[in-house]
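The following exercises are to be worked with the sequence and the model at hand. Each task is followed by a solution in steps.

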Amino acid sequence: MQVYNFYLFSRHGTCLYYREWQRTRPGSDTQQEQQNLIGLLFAVKQLCRSLAPANDDSLPIDTATRYMPRGPSNFCSYSTEKYQLHCFESSTGLRFVLTTSPTASDLTRILQRVYREAYVECAIRNPLYTLGTSIVSESFRKRLDSVIRTLAVESTVFRPASEKALRGNGSPATKS
């Protein structure tokens, strides 16, 4: 299994962090890609909500369209011939998204570990971090890499993109 990308989105749809490892196709416009991905996640969550049982009264009645809809979602992943997308949503609406090769199994527990071991430990408990802003912490990147590295079966699976390539994509969240 190969790990390609990681995204962390706020409940408002802002990308707080982006990291890539073995990206097979170079991204031309990372911001547009992130907007497309959050739009996809929003649409899938709306679909899941519309298919949920009608007696689910934990869903909000009125949610502004610029925010990610709240409430339960049974969406965890989808797969194509080229990749698999895994998603974990925290109770506060943060979206942790990982793309891998299509042979991956369910990675919900790994994304929950990223939430606990990287986000909570290195962002929430950091007095210098302001909620809702891009994460630029080197310790967050190291913890994320450590959790993702546990997925690696071979040394070739985990190969971070060069720092020069990361800085060149225009995303402020990639600076560490």
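**Exercise 1. Architecture**

Which pattern does the chain follow when read along the sequence?

*Solution.* The model is a predicted one. Step 1: the chain contains 4 helices and 5 strands. Step 2: read along the sequence, these elements give the pattern β-β-α-β-β-β-α-α-α. Step 3: of the contacts between residues at least 6 apart in sequence, 58% join residues at least 24 apart. Step 4: buried residues account for 41% of the 176 residues in the chain.

**Exercise 2. The largest nonpolar core**

Determine which residues of the largest nonpolar core touch the most other members, and which elements supply the core.

*Solution.* Step 1: this core has 27 residues, and those touching the most other members are Phe6, Leu8, Phe96, Leu98, Tyr119 and Phe140. Step 2: two or more residues come from each of β1 (3-9), β2 (15-20), β5 (95-100), α2 (108-124) and α3 (138-149). Step 3: the most is given by α2, with 8 residues. Step 4: take Phe96 as an example; leaving aside residues up to four places away in sequence, Phe96 touches Phe6, Tyr7, Leu8, His86, Cys87, Phe88, Leu111, Val114, Tyr115 and Tyr119. Step 5: another core, of 13 residues, lies apart from the largest one and has Tyr7, Tyr18, Leu37 and Cys48 among its members.

**Exercise 3. Aromatic pairs**

Classify the ring pairs Tyr7–Tyr18 and Tyr115–Tyr119, and state how buried each ring's residue is.

*Solution.* Step 1: a pair of aromatic rings is described by the distance of the centres and the angle of the planes. Step 2: the chain has 11 aromatic pairs. Step 3: Tyr7 and Tyr18 have ring centres 5.0 Å apart and planes at 45°, and the pair is tilted. Tyr7 belongs to strand β1 and Tyr18 to strand β2, 11 residues apart, and the pair links distant parts of the chain. Step 4: Tyr7 counts as buried because its relative accessibility is 3%; Tyr18 is buried as well, at 1%. Step 5: for Tyr115 and Tyr119 the centres are 6.1 Å apart and the planes at 20°, so this pair is stacked. Both residues lie in helix α2, 4 residues apart, about one turn of the helix. Step 6: Tyr115 is partly exposed, with a relative accessible area of 23%, whereas Tyr119 is buried at 5%. Step 7: one aromatic cluster is formed by Phe6, Tyr17, Phe88, Phe96, Tyr115, Tyr119 and Phe140.

**Exercise 4. Cysteines**

How many disulfides does the count come to?

*Solution.* Step 1: a disulfide requires two cysteine sulfur atoms within 2.5 Å. Step 2: by this rule the count is 0 disulfides. Step 3: Cys15 counts as buried at 13% relative accessibility, and Cys122 counts as buried at 7%.

Key: Residues are numbered from 1 along each chain as its sequence is written. This is a predicted model: local features need pLDDT of at least 70, side-chain atom pairs count only at pLDDT 80 or more; totals for chains, interfaces and linings use all residues. Side-chain values use heavy atoms; hydrogens and water are left out. A nonpolar core is a set of buried Ala, Val, Leu, Ile, Met, Phe, Trp, Tyr and Cys residues joined through side-chain atoms within 4.5 Å. Buried means under 20% relative accessible area, exposed over 50%, partly exposed in between (1.4 Å probe, protein chains only). Contact means heavy atoms within 4.5 Å. Rings of Phe, Tyr and Trp (its six-membered ring) pair if their centres lie within 6.5 Å; planes under 30 degrees apart count as stacked, over 60 as edge-to-face and the rest as tilted.
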